[in-house]
Each structure stands twice: as C-alpha cells, then as structure tokens.
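Hello,

Here is the structure for you to look over. My notes on what turned up follow below.

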Amino acid sequence: MRVSSVATSTCSVLGSCSTCRRSIGGVVKLYKAQLSSDAVKRANLSSRKRERIKLPNYDDISGTKDMFHVREFLRHPSGIQSILNTSALQTYYSIDSNTYRCILPRLQLFNFQVSPELDLQVTPTTKYCLVEMLSCKFEGSEIVERQNEHFSASMTNTITWDTRDFDSYLNVDVRLNLSLEIYTKPFSLLPVSAVETPGNLRALISCRMMQALVDRLVPLLLQQLLQDYDKWVKQQCRNLPEDRVPN
C-alpha cells in the first residue's frame, strides 16, 4: 500500500520565532527560549508528522456497509494492540480501562542501559482515535533515572478517517513535545537566548533528531496498522455465518 504524498513534517524549538531553516522532509524552526516560572532554563522542542494512506474496501466481503470499517477495528482489542505496537514491547499492562503502561526493550545509549517506560492513553470514538502519552521516563542505573528530573515529554497521535471520491483514507497526525532542562556546563552559564540561537548546534541537532524519529516511526505505524487491520478483517470473516461468507 503506497503512502500518499501529502505527508508533511515540521520540527521547532518553541517560543517566539527568530528564524526558519529548510530541511529534507519539512521545516526546522529555531526559536528564542524563555525562562519557566521557576526560573529554570529549559529548551522546548517540538516536532510533527502527518501522513495519509488509502484504505482497502472490505464492504463487499461483509455484505454490510461499514461492518469492517476501520473505526470498528480501532475500537477492538486487536486494534488497541496494533496502536500500541505490542509486538515491539518488552511488556505492557493495563492501568485502567483505556490507559496502558508500555515498557520497551532495553537499549544501549552511549555507555548506559536504558529501558524507556511510557504511559499511553487510547481513546477510540466513532469519529477519531486519540493516543496520548501521559508520561515518559527511563529505567536503568541511578545516573539514567536521575535524568527523569531534567526532562518532560508529551505526545499526541490523532488518527482520523475520511472518504473522497469513493476511496477511504486513514490519517495520522503525530505531535511530539520535549522540554529539556539546561543544567550542564557550559550551557547553564549562558543566557537561554544564547543556548537556543538559530546557529546553536545543540538545539539544531536535537530538533533534527526528534524530527528524524517521527519521520521514521509514523510511516511504520501506518503500515503496521494496515497489516493488522487486514488480519482482523480476515479473522472476522471466519466468524461470519456461512450464508454471509463471500464465494
């Protein structure tokens, strides 16, 4: 299935705009940072990725319009597991009716072993499916876990669907925000405006790393959703009464 060319992506450092730079696949924007209310210097980074992909038509299989609509899949436990990408997780479990703690496999980050832990809330409706990251932290050594005090992250993934010229499409809009405390020297000795000036290599690299992450993950998410959607439809077909199974 080919991803539509309307995909867009942007990455920015939040604040009042000072300049704008072009990069492959989107726009990298660097802004002047501001002091938070507690006078702690923070760099606020943001990236966004939108993709659109055509959906297969399963109406002829069921004989009933919308029986296998993608919204039904996203509300089904199989759809939730696909959204969470549970096959790539070390483990996950439900915190409440629509919130899940997802623990990723340990990964090597420089000289440290890091195990990311995410709390994700999935809210499927008849119009859209909203995925929100409520918390993100790193498990590992004392040094690794201490970094949880110096950053915060939030993410929303809004999944919608629509029909145009008799074709159905799935739309994904991912927004990732990251707030980093500036506490290491020499950056902590500089005014925030100096840390996040347009030419600052640290801000530019961080921004582009975030954008590269969402640029890579969003198309993979769409492809995984389509594959799991197809598996779900085939499984539902096996459960249909014999008189409704297509020849």
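This is a predicted model: local features need pLDDT of at least 70, side-chain atom pairs count only at pLDDT 80 or more; totals for chains, interfaces and linings use all residues.

**Strand 4 and strand 10**

D162 has a charged partner. Its side chain meets that of R52 in a salt bridge, at 2.9 Å from N to O. D162 sits in strand 10 (residues 151-164) and R52 in strand 4, so this pair ties together parts that lie 110 residues apart in sequence.

E51 is buried, with a relative accessible area of 7%. Which side chain does E51 touch in a polar contact of 3.5 Å? The partner is K49.

**Strand 6 and strand 8**

The next pairs centre on R101. R101 forms a salt bridge with E117, and the closest N and O atoms are 3.7 Å apart. That pair links distant parts of the chain: R101 is in strand 6 (residues 99-103), E117 is in strand 8 (residues 112-124), and 16 residues separate them. E117 is buried, with a relative accessible area of 10%.

The side chains of D119 and R101 meet in a salt bridge, at 2.7 Å from N to O. D119 lies in strand 8 and R101 in strand 6, so this pair ties together parts 18 residues apart in sequence. D119 counts as buried, at 10% relative accessibility.

Which residues do shared partners join into one network? They are R101, E117, D119 and K137, connected through salt bridges.

**Overall count**

Why do such pairs form? Side chains of opposite charge can pair when their charged atoms come close. How many salt bridges does the rule give? The count comes to 11. Among them are D162 with R52, R101 with E117, and D119 with R101.

For a first look, I would open the view on R101, which takes part in the network with E117, D119 and K137. Then turn to D162 and R52, the pair between strand 10 and strand 4.

Best wishes

Conventions
Residues are numbered from 1 along each chain as its sequence is written. Side-chain values use heavy atoms; hydrogens and water are left out. Buried means under 20% relative accessible area, exposed over 50%, partly exposed in between (1.4 Å probe, protein chains only). A polar contact is a pair of N or O atoms within 3.5 Å; within protein, one must be able to donate a hydrogen and the other to accept it, and residues adjacent in sequence count only if both atoms are side-chain atoms. A salt bridge is a side-chain nitrogen of Lys or Arg within 4 Å of a carboxyl oxygen of Asp or Glu. Helices (H or I, at least four residues) and strands (E, at least two) are DSSP runs, numbered from the N terminus.
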